[in-house]
Each structure stands twice: as C-alpha cells, then as structure tokens.
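Biologist: Please take a close look at a single part of this model and describe how its elements pair and pack against the rest of the chain.

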Amino acid sequence: MQKTRTLIIGLDGATFDLLEPWTRAGYLPVIAKLMDHGIHGPLCVWPNMNSAAAWSSLITGYNSGQHGIFDFGERPPQRGVNFRPITGADRKKDPFWRILSAAGEKVGVINVPISYPADPLNGFMLSGMDAPGINSHGFSYPPDLCDELRQQGIDYVIDVPNLSSLSRRSPLQVPWLVERMIDARCRTILYLMKTRPWNVLMAVFIASDRMQHYFWPRTQASFEDAAWEPIRKIYKKIDSFLRDVLALIDDNTTVLLVSDHGFGPALRGQFFLNRLFAQLGLLGYGHGTNQLKGKILKKLLPYSRQIIPHRLQHPLARAFPNLHGHALSETVFSGIDWSQTHVFAAFHGGSVTINLEGRQPEGIIPPKDYHSLRERIRGILLNLTDEKTGRPIILAVHRSEELYHGPWADKSGDLIIQWDYDALGDSLCYRFGERPIIVRPLKKTRFSDEWKGFHRPMGIFIAYGPHIKPGIRGEISIYDIAPTILYLQDHPVFQDMDGKVLIDIFKDEYVSRHPVRQIEPPDIKSHEPMQKLDEEERHKIEERLRGLGYIE
Ligand SMILES: [Zn+2]
C-alpha cells in the first residue's frame, strides 16, 4: 500500500469563533468541506499563546520548558541584559521535519515562525519571521530557492513591514499589502507542490493573525456585518487557495489545518498589571537616572530611526554594538527602577516574574522570600475584578512548575495567569480595605492600544483524509500535533514527548494496521551553539518585531 502523505497548513491566530459562522454562511466552502468530511475540534495552546512558543510546541510536541522557546526575545528584559531576538537555532528540540527528513522522507517547510536558519532538508525550506530577510544567508534551502521564485515572477515576502505604524497612518493600505503577501505565499506553495517531490509539507499563513490584530471590530458586529470584511476576505482567499491545493493532492494525502492560538477582542486590562504593581508599591517607576535615561532613549530611538539614513544605521549599530540592544531592553520596560521592583508582568499580561536576587540581573528579592511573595502576588491577582461589573477577571493563577517542566522551565515567569475573557474589560480593580485601586487606560496610547484583537488560548484543529474518521472532537492539545504527524508518516514517537498521537481520529482499520510505536528520545546532537546573528541581521529582526508592535 502507498504511503500516506501529510500536508499541514497553519493559519496563525485562526479561531472557530470565525470559521464556524463563516463556513455555515457559505463564505468558506472548502474549509466547510474539510470540517464536514474530516474531524475538527478546538486546539488548546495553553499555557503559552505567544506565537514563537506555540508554533515551537506544535512542531516539536514538547512544552516550552523542554524546547526552550517562551517568546520572541531572550528573557529577562532587564537592564544589563541586551534584548536578543530568538531564532529557530535557539530551539532545543527537533521539529518533526528534521526527524522525518533524516528518516529519508521528502519534506517541505514554508514560513513557519521561528525556523531560521533553514535546515538542509531532504527537500526544501523557506524560513519564517525570525529570519532577517529573504536575502539573508540561510533564509532558504536550497539557497537559490528565492531566485527560482523570482524567475517565476513570485515576489516572495515574509511579512508586511511596519504594520503597527502603517495601520495608524494609512489603514486603508494595510489590507492591500496583506493580500499581496497572501498571494505571493499561495503562489509559492502551489509552485513548490507542483515542482518538488514531497511526502510531508508544512506551510504557514500569518496574514490571519496580522489582520485580526488590527481589524477586529470594536463593537459586537454580527458575523455578516461589513465590519468583518477585511478579515473575512483573508479567509476567503485562503479558502480558494485550499481548493487549488485539494486539486493537486492524491487520495493518499491527509490534510491538517492548525493554528497557534485563537483570537478575540483586545481587552486592555491585561496590559495594566505593571501599573497596578506600581500603585501597590511592588514596582518602582524611578525618579532617578534610570527613568531619565529611559525617557531619553524612548524619545531618541524612533527619532533616530527616522532621521538617520538607513544605510548609516547599521554602521552605527556596528560601531556601538551594545547600544541598540540596551536601548531596546530599557525602553520595553522604560522607566522601571529595578532597585525598587519586587515583581513585574510580561507586557501582554500572561505571566508575572519575581525580581529574584541571583536570577534577575538587578534582582532584589532574597531567595528566602520568594515563596511568600509569590503567594502574596497570587492572592492579589485572584482578587482582581472589573471596575464596571465587579466580576473577578482571572480564572486561575498557576505556579510555573505546575505547567512547565524540563531543563529550560525556569525561563518562564513565576506565575502564569489564566484570564477570564468573558469578564475582563479595559480596567483592573483591586479592592483591599477602604479604597479600591483602579487602573484605567491612559490618554496617551501605547502600541498595545492600537491592537483591536488579541490572542486567545483556543486555536483550531481540522484533519481530513483517507484514514480520518469524520466527526467532531473535544479539546486537542497543541503538543499532540507533532506526534500525530510522525504517526501519519509511520515513524515512531518519542516516549518523553508532552503530546500523544491522536489515535481516536483515525479509522479503526488504519489503527490496527499501524500500531503506535514509541522509542527512546534521541540524544539530540548538541545543537550547534546559537548561530550568531550579526548586528545588521539582529536589527532587521527587531525592526520586524517592532513593526508588529511586539516590542516598543
Ligand atoms: Zn499575533
């Protein structure tokens, strides 16, 4: 019997909250077909909704404590530690494509976030958003792949640059640029599917995430409403691309549609934890040199980016190798006086870190006080309510060791927050004693205020193919995807993976002929020490992250 082929299409930020009404209304006939004739269910990406971490878990089958990726940058972001963007070279576990390529499979990988530099696969690969640019050394494998695409008239792009400021200055231009990016991606995928042999192919669309961040309707518009059209148009484009894909595959191919997280309206309360901590005396915004320096850097950085010609910026960055990184790590948490700071939250509010002596560069909390402080902060968080409704806005606050395990688990925050998105709004209210402390949006907007949509813990999973039992599935873990892909390709899974093969989605006769095989995890040849990005490359990645509003 012929071997199964597996095609994995990633839709960054896709949620059934949109797919269900739009497939029902007939906007997305191909996705509707995959859902009706295949199996689908919510994909739980908890505890980490950050795309860098979530895609890493999806392609490896391990939690962040095992693969080492928690965010787009190296933590912690304190003074004395330069911001360093992470790349695929930082991941401590092999993605499924390396394992299958080594086993002789023909593999293709296109635009998976955190996959730079491209692996020299038995097949082809185009890196994702952690690459400095398409002309950078190591962007593609084979190295001349982009030239070939150019010869085909395909103007390949990784992402839309400066989406954050563009959405403010000329919002009408954004959908056009995003659509152009999708068109290039679709043409690339279809061209490579037609011209290269493959057994396993994974390609990711990031356009869905980008449009949802900036165009999620503020009001509760019905899904038929024109307010949804900019986002709906993206899905319609992907739907018609999937029609072309289905025409190209044989009847031995299994198609998986997955996302790295869900989406919903951006509720700003989650971005205000550091301001709450400041009011409680647990975080200091300095009055001394730190704050001044932070303010100056904050003013100077965007200014210098605008007035210093681009061709001079790189030589400048090279001449002062640490300045840029320093400036970044200081402005992300600008004004924080670490000598007065007991605890701080990640900017997206997903986790809280104790400023622990010996661990944080400017830690002040002695290890003996760690546990009591952590429990105190936990109590505070669990007591937070919405100012208007008085409802608690946090469902649970987990100690990091309850969620992460592995040699890199201590890179997570100390407390991981499970927000109640049905109760959360644009404020934080802490009642203790007489006067409640209330944190509301500031007049002056930050980049997070430009976001109209933000990540949620439930992504999508759809599987369609000859061996799939049609139906509807309960919650699936993001850790289960990689082992399931290995199983589909008849490869054993590793005993210590956090995920398991989704055996119940397969037809019984397939399972009886293909028992799940488990083997000891390979002794991963200690990965090449982190491939050193030069200043210019680092700068380019930072510019992309800043353009998205992921860093200030
Ligand atoms: Zn996003």
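Modeller: In strand β20, Ile476 is the bridge partner of Leu43. The model is a predicted one, in which local features need pLDDT of at least 70 and side-chain atom pairs count only at pLDDT 80 or more, while totals for chains, interfaces and linings use all residues. Residues are numbered from 1 along each chain as its sequence is written. Strands (E, at least two residues) and helices (H or I, at least four) are DSSP runs numbered from the N terminus, and strands pair if DSSP finds at least two bridges between them.

Strand β20 covers residues 476-477 and pairs with β2 in the parallel sense, over two bridges. The pairing of β2 with β19 (residues 471-472) is likewise parallel, again over two bridges, and here His40 faces Ile472 of β19. Strand β2 itself spans residues 39-44 and forms six bridges with β18 (residues 458-464), this time in the antiparallel sense. Within β18, Phe461 stands opposite Gly41.

Phe461 also belongs to the surroundings of Val258. Beyond its neighbours within four places in sequence, Val258 is in contact (C-beta atoms, placed from the backbone, within 7 Å) with Ile8, Gly10, Leu43, Leu58, Gly459, Ile460, Phe461 and Ile481. Val258, together with Leu257 and Ile460, touches the most other members of the largest nonpolar core, which has 149 residues. Such a core joins buried Ala, Val, Leu, Ile, Met, Phe, Trp, Tyr and Cys residues through C-beta atoms within 7 Å, buried being 20 or more other C-beta atoms within 10 Å. Domain 1 (6-265 + 454-547) and domain 2 (268-286 + 335-447) each supply at least three residues to this core.

Helix α2 (residues 29-37) packs against helix α10 (residues 229-248), the axes lying 7 Å apart at an angle of about 60°. The two helices are therefore oblique to one another. From α2, Pro29, Val30 and Ile31 meet Asp239, Leu242, Arg243 and Leu246 of α10.

A separate element of the model is an open sheet of four strands, ordered β11-β12-β14-β13, with antiparallel pairing. Its edge strands, β11 (343-345) and β13 (394-399), each pair on one side only, and the average twist from one strand to the next is 20°. Three bridges link β11 to β12 (residues 351-354) in the antiparallel sense, with Val343 opposite Ile354 in β12. Helix α15 (residues 370-382) lies across β11, β12, β13 and β14 (415-419) and runs at about 170° to β13.

Conventions: A residue is buried if 20 or more other C-beta atoms lie within 10 Å of its own, exposed if 12 or fewer, and partly exposed in between; C-beta atoms are placed from the backbone. Domain bounds come from an automatic or database domain assignment. Two residues are in contact if their C-beta atoms, placed from the backbone, lie within 7 Å. Axes are lines fitted to C-alpha atoms, for helices over the stretch in contact, and angles run from 0 to 180 degrees between N-to-C directions. Angles under 35 degrees count as roughly parallel, over 145 as roughly antiparallel, 65 to 115 as roughly perpendicular and the rest as oblique.
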